[in-house]
Amino acid sequence: MDRMDHLEHLDRHLADELAQVARETIRDELRQQTRKQRRKATLYAASGAVALYAGAAVALAAGLALALVLPGWAAALITAALLGAAAHLLRSAARPHAPGTAHGSAAARAADRDHVPGATPPYPPVPPMPPAPPATPGVDTPGAPATGRLPRPDRVDPENPHHRA
């Protein structure tokens, strides 16, 4: 019996060592992946900053080119108006619009203006569900109260694909 206790101790010791090795391996792998992701995020941030400065240089060049034929204040004002228009177009392109309406149409702008955050959007009314047939005792039917059992495969509602928990 003494020998069996020794083997149990070795088994526990081996399981503890395996768990420790697995934890260290996973930790090292996560550190390596985090390091790669951090490097990638830093490079994306740097590229965005450089692109911002490049865009500012292009805007400055456009303003200076306009200043050759116009007064400086007018060139700056025109450049600012062009940049504002580009920002508005980009923002409206990013905003989703309702299907069936032209993007940027008066109806879409009115719906955006009248929409209250947190309120339900003005969708057409949903038709009521047809009356469910009377339930047969012992059989789950779609639309009937759940009895705690899964529906029979031949009674699965094809309109409701999420019939299982």
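**View 1. Thr-79 and the residues it touches.** Leaving aside residues up to four places away in sequence, Thr-79 is in contact (heavy atoms within 4.5 Å) with Ala-59, Ala-62, Gly-63 and Leu-66. Thr-79 has a relative accessible area of 10% and is therefore buried; buried means under 20%, exposed over 50%, and partly exposed in between, with a 1.4 Å probe and protein chains only. This is a predicted model, in which local features need pLDDT of at least 70 and side-chain atom pairs count only at pLDDT 80 or more, while totals for chains, interfaces and linings use all residues. Residues are numbered from 1 along each chain as its sequence is written, and side-chain values use heavy atoms, without hydrogens and water.

**View 2. Helix H2, residues 72-94.** Helices are DSSP runs of H or I with at least four residues, numbered from the N terminus. Thr-79 is part of H2, and the buried residues of this helix are Ala-74, Ala-75 and Thr-79. Ile-78 also lies in H2, but its relative accessibility is 36%, so Ile-78 counts as partly exposed.

View 3. The end C-alpha atoms of H2 are 33 Å apart.

**View 4. The whole protein.** The protein has three helices and zero strands (runs of E, at least two residues). From the N terminus on, the order of elements is α-α-α. Of its 165 residues, 6% count as buried.

Conventions:
Expected span 1.5 Å × (residues − 1).
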